[in-house]
Amino acid sequence: MAERAQPLRSRWGLGVAACVAALILGALAAVVWRAEVGRGIGPADWAAIRFTVVQAILSAGVSVALAVPVARALARRRFPGRRFLIALMGAPFILPVIVAILGILAVFGRSGWLSDALAVFGFEPIQIYGLHGVVLAHVFFNLPLATRLILQGWQEIPAERFRLAAQINADPRAMWRLLEAPMLRQVVPGALAVVFAICLSSFAVALTLGGGPRATTIELAIYQAFRFDFDLGRAALLSGVQLVLTGAAAIVALRVATGEGFGTGLDRSLRRWDGQTPAARLWDSLWICAAALFLILPLSAIVLAGVPGLAAMGGRSAAAIWSAAANSVVISAVSTGVLVMMALPMAVAVALGSARGGGALVEMAGLLGLAVSPLVIGTGLFIVIYPIADPFALALPVTALVNALMSLPFALRILVPRTREILSRYGRLSLSLDVRGWDFIRRVLLPRMRPQIGFAAGLAAALSMGDLGVIALFADSETATLPLQVYRLMGAYRMEAASGGALLLLCLSMGAFYILDRGGRRHAET
């Protein structure tokens with residue numbers, strides 16, 4: 001799409017992309033400069049590296065292994081509430097991690113529902129902390145994602161292939177061999193790589209359910225080097241190791257081939273007739289019910305424990321929670337505003353493109369936030385700020401900025417396709433009417449992008465509201481966001497107040513997402 005034939009220019013997007021790249025790459029350069037490579041990696045650091053890789057492999061393997069039968073059952077069955085269940089699988093993505101962990105503890109913890117049920121039959125309570133707890137939490141977050149990815153693979157098999165299989169009287173084994181197994185060979189490696197990359201940089205899960213010499217991830221080791229030892233050299237060295245691991249995993253996730261697919265069809269809907277035996281129906285129903293319970297029970301536990309926790313809050317606990325909630329709301333609002341100001345011009349620049357590849361460079365700058373851990377960026381910013389200012393005094397603005405950078409890749413994926421469509425449809429007409437620049441943005445672009453902007457803003461607000469990452473590095477004892485305050489209450493074994501704060505955080509996160517997403521869709525062209 002030639003830029004000279006459009007009513008907008010890409011220079012603002014290129015400038016924003018350059019600033020984003022300079023900020024992230026500058027933080028990485030500070031990490032590389034500060035890292036004391038000569039001191040080497042100690043035994044404790046090697047243990048953290050091994051644990052990080054092992055838990056990521058186990059988490060990805062278990063998540064995808066369970067996702068295959070769940071996705072197959074959803075592909076074969078039609079039942080009331082199916083759409084709601086599939087939509088529910090998107091909830092863990094925007095669910096605050098600390099909230100989900102409290103729900104997991106309420107169900108699977110030592111004093112949780114499952115342990116209480118086992119005690120009735122004389123069994124010991126479940127030990128949730130350590131490797132198995134970290135894997136369990138990662139499966140909770142990533143099983144829905146893996147299921148959605150694999151379900152999409154099933155849905156992309158043209159209906160004509162199934163009709164052809166019916167015409168040749170293919171039995172279930174032949175259906176599996178000819179259609180389903182080839183599809184899984186294409187989709188599963190990509191799903192494994194994506195989940196593995198996500199689990200490598202999951203800080204809050206390791207912070208709450210890991211810990212100890214045997215259950216420390218690289219990011220948790222970075223945090224400990226900062227908060228407990230203030231060893232910037234070791235933190236920077238570990239950040240470099242984390243960067244290599246996450247970068248390699250991200251490259252693998254992007255480059256894993258999905259194959260040539262099954263060709264195109266006529267987009268006909270199809271009610272699956274295979275798997276209609278009583279045994280197949282039973283197994284599919286069991287998998288669907290188990291997946292639904294696995295998602296719903298922790299969320300229900302948060303609500304059941306949080307209501308009395310909110311009602312019982314008082315004194316200093318209530319004041320600290322409400323103050324932290326106010327900080328979270330401010331950070332989320334600032335982060336969302338910064339994200340929109342970055343994402344819109346970058347989306348225009350990507351949509352316009354150029355003969356010199358400017359659009360691709362802008363998109364690569366936006367994807368840097370996906371390849372680099374926020375804790376690594378936080379480490380670099382701390383190193384840069386420390387000689388010239390007090391990093392702890394800048395905890396809230398730095399957290400808002402890093403949260404915006406982390407949401408930028410998702411916002412671009414949402415905004416770019418619609419921006420490209422609008423420029424293609426209305427660009428030349430607007431030029432002929434001499435509607436350019438800000439007039440085009442105000443009269444044409446923004447009204448038609450309100451749903452996408454609202455969705456991207458809601459996603460960014462929810463993710464920022466529930467983030468427990470950079471704030472853990474920068475915050476002092478007097479500063480906290482709501483996720484950090486809930487974590488502190490958990491550490492002090494004040495679980496009732498923590499449950500109340502978690503319910504408040506859940507309401508704020510989901511409420512921010514709903515208000516912004518719904519507000520974008522109201523009176524907008526869809």
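**A walk through the model**

Helix 13 (residues 278-312) makes the biggest contribution to the nonpolar patch, giving three residues. Helices here are DSSP runs of H or I with at least four residues, numbered from the N terminus. Before going further, note that this is a predicted model, in which local features need pLDDT of at least 70 and side-chain atom pairs count only at pLDDT 80 or more, while totals for chains, interfaces and linings use all residues. Residues are numbered from 1 along each chain as its sequence is written, and side-chain values use heavy atoms, with hydrogens and water left out.

The patch on the surface consists of W113, L293, L297 and L304, which together have about 380 Å² of accessible area (Shrake-Rupley method, 1.4 Å probe, with only the protein chains shown counting as cover for residues). To join a patch, a residue needs over 30% relative accessible area and no salt bridge; nonpolar side chains (Val, Leu, Ile, Met, Phe, Trp, Tyr) are joined within 5 Å, and like charges within 9 Å. L293 sits in helix 13 and is partly exposed, at 49% relative accessible area. Buried means under 20%, exposed over 50%, and partly exposed in between (1.4 Å probe, protein chains only).

Now look inside. The largest nonpolar core has 165 residues, and I150 and W154 touch the most other members. Helix 17 (residues 395-432) gives the most to this core, with 15 residues. Such a core is a set of buried Ala, Val, Leu, Ile, Met, Phe, Trp, Tyr and Cys residues joined through side-chain atoms within 4.5 Å.

The structure holds one salt bridge, defined as a side-chain nitrogen of Lys or Arg within 4 Å of a carboxyl oxygen of Asp or Glu. E421 is partly exposed at 34%, whereas R418 is buried at 11%.

Two other residues are worth a visit. L74, in helix 2 (residues 43-76), is buried at 0% relative accessible area. Its contacts (heavy atoms within 4.5 Å), leaving aside neighbours within four places in sequence, include F79, R82, T147 and I288. I86 is twelve residues from L74 in sequence, and their C-alpha atoms are 8.5 Å apart.

T379 lies in helix 16 (residues 374-385) and is likewise buried, at 0%. The T379 side chain reaches the backbone oxygen of L375 at 2.7 Å. Beyond four places in sequence, T379 touches V31, I222, F226, A235, A236, S239 and L473.

Notes: Helices (H or I, at least four residues) and strands (E, at least two) are DSSP runs, numbered from the N terminus. A polar contact is a pair of N or O atoms within 3.5 Å; within protein, one must be able to donate a hydrogen and the other to accept it, and residues adjacent in sequence count only if both atoms are side-chain atoms.
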